[in-house]
Amino acid sequence: MGFGSVVVVKPASLALEEYLNNNGYAVIDGGLATELERHGANLNDPLWSATCLIHSPQLIRRVHLDYLEAGADIIITASYQATIQGFEAKGLSTQESETLLNRSVEIALEARDIYYGSHVEFSCDSTGNGRAHKQRPVLVAASVGSYGAYLADGSDGDYGKAVTLSTLKDFHRRRVHVLAESGADLIAFETIPNKLEAQAYSELLEEENINIPAWFSFNSKDGLNVVSGDSLLECTSIAEKSEKVLAVGINCTPPRFIDGLIQTIKKVTAKPILVYPNSGETYDPDCKEWVQSTGSTGVLDEDFVSYVNRWREVGASLFGGCCRTTPNTIRAIKKMLSKGSAAISQTQPPY
Ligand SMILES: C[S+](C)CC[C@H](N)C(=O)O
Ligand SMILES: N[C@@H](CCS)C(=O)O
Ligand SMILES: [Zn+2]
């Protein structure tokens, strides 16, 4: 950390700590882009889901709300593939691009407000006075997708020698800064494909004096390493060393690999572990379509959810879904976890 900088403890870390202390888990939402697509959005565009920030913000808000209704405690914004460079390539000004980044967070905050407004509970204190309180705290995580996501060419984190640490820092710097000031509770660095990009994020958190916490979530296609082939142990160690990273884990990876990946991650970190796998299908970046993987059928919601208790047993505490999962997946995850907690509390003495 730079001389004189101050780590400001923001409510997100407290809220997350509270979830983990009280319940032992928190629920993340499911796939956003693929859910927008299921509702008719056309994502065949270099901006992928970020195109909806321009054309259908109300649909994004609808999907956030569906995930809140399904039980998500954390919702992730539509900024995964929203980059200043990507918007500028569409002819938008820098100012307009930054406004869209802010808009991604505003939409999620609006969904949260609507959700709170329609789920107010009342209770009476000992003097008979009524008090309204919120159902549960909801955290808004501002998504940051990788440089490879922006390239939208299926390069999977293998960027070649011309892309250095400073290329990646320069690429992400302003976006991370804008999102950190947007009112989001935390930054979700998602689908991280390699060590260099994790290092770039970690340095940016310090250099830009980012004062909201972050999570680092890596992507694997073989169940052993991250997608570029870099070691998951080394990638996790970068997250472990950063005071600003409050959780680390895996997303957009087939469910069958998650168990082994959690076991690897926990060798090098004591931070909470998050998992939000995809449906088990494979993305074809050329036609921008999901296809069934060879040797495996995409998993159905029921099958996906049957893994959750195992993931909890091996050490994960934040659970959700990524591409091709839906509000039904999240509803089922929440149900499974709350059943598990009830069973645990029944086997423990009441003191
Ligand atoms: C996690 S992948 C499905 C993201 C989409 C990709 N960057 C694309 O634009 O096609
Ligand atoms: N938060 C993003 C991740 C894509 S891999 C989404 O759900 O669309
Ligand atoms: Zn995904």
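This note walks through a predicted model of one protein chain and its two ligand sites.

1. **Overall build.** Start with the whole chain. The protein chain holds 14 helices and 12 strands. Its C-alpha atoms fill a box of roughly 65 × 50 × 45 Å along the principal axes. How does the radius of gyration fit a compact globule of 351 residues? A compact globule with 351 residues would come out near 20 Å, and the protein chain has 20 Å, so the two agree.

2. Of the 351 residues, 48% are buried. Residues 24 or more positions apart account for 78% of them.

3. **Two pairings to check.** S1 and S12 run parallel and are joined by two bridges. Here Val27 stands opposite Phe319 in S12. Further in, strand S7 (residues 214–218) is joined to S8 by five bridges, again parallel. Trp215 has Ala247 in S8 as its bridge partner. S8 is mostly covered, with seven of its seven residues buried.

4. **The annotated cysteines.** The UniProt record, an unreviewed entry, marks Cys252, Cys322 and Cys323 as "binding site". These residues span 72 residues in sequence, yet no two of their C-alpha atoms are more than 6.2 Å apart, so they gather at one spot.

5. **Cys252.** Find Cys252 in the loop between strand S8 (245–251) and helix H11 (255–268). Is Cys252 buried or exposed? It has 25 C-beta neighbours inside 10 Å, and a residue needs 20 or more to be called buried, so Cys252 is buried. Setting aside residues up to four places away in sequence, Cys252 touches Thr191, Asn219, Asn278, Cys322 and Cys323. Two of the residues on that list, Cys322 and Cys323, also carry the "binding site" annotation in the UniProt record.

6. **Cys323.** This residue sits in the loop between strand S12 (316–319) and helix H14 (327–347). Cys323 counts as buried because it has 21 C-beta neighbours inside 10 Å. Leaving out neighbours within four places in sequence, its contacts are Gly31, Ala33, Thr34, Cys252, Asn278, Ser279 and Tyr283.

7. **Ligand 2.** The residues around ligand 2 are Gly31, Leu32, Ala33, Ser49, Ile76, Tyr80, Ser143, Glu190, Thr191, Cys252, Cys322 and Cys323. This shell has seven nonpolar, four polar and one charged residues. Compare the two lists.

8. **Two positive phi angles.** Asp156 is not a glycine, but its phi is positive, near 50°. Asp156 lies in the loop between helix H7 (147–151) and helix H8 (165–180). With 18 other C-beta atoms within 10 Å, Asp156 is partly exposed. Arg324 is not a glycine either, and its phi is positive at about 70°. Look for Arg324 in the loop between S12 and H14. Arg324 has 24 other C-beta atoms within 10 Å, so it is buried.

9. **Asp230.** Asp230 belongs to the loop between S7 and helix H10 (232–241). How many other C-beta atoms lie within 10 Å of Asp230? There are 20, and the cut-off for burial is 20 or more, so Asp230 counts as buried. Its contacts, leaving aside neighbours within four places in sequence, are Asn194, Lys195, Asn225 and Cys235. Asp230 and Gly157 are 73 residues apart in sequence, while their C-alpha atoms are 9.5 Å apart in space.

Terms used. Residues are numbered from 1 along each chain as its sequence is written. Chains are lettered from A and ligands numbered from 1 in the order in which they are written. This is a predicted model: local features need pLDDT of at least 70, side-chain atom pairs count only at pLDDT 80 or more; totals for chains, interfaces and linings use all residues. Helices (H or I, at least four residues) and strands (E, at least two) are DSSP runs, numbered from the N terminus. The radius of gyration is taken over C-alpha atoms; the globule rule is 2.2 Å times the number of residues to the power 0.38. A residue is buried if 20 or more other C-beta atoms lie within 10 Å of its own, exposed if 12 or fewer, and partly exposed in between; C-beta atoms are placed from the backbone. Two residues are in contact if their C-beta atoms, placed from the backbone, lie within 7 Å. UniProt positions are given in the numbering used here, feature names are shortened, and annotations may be inferred rather than shown by experiment. Two strands pair if DSSP finds at least two bridges between them. A residue is near a molecule or strand if its C-beta atom, placed from the backbone, lies within 6 Å of it. Ala, Val, Leu, Ile, Met, Phe, Trp, Tyr, Cys and Pro count as nonpolar, Asp, Glu, Lys and Arg as charged, and the others, Gly among them, as polar.
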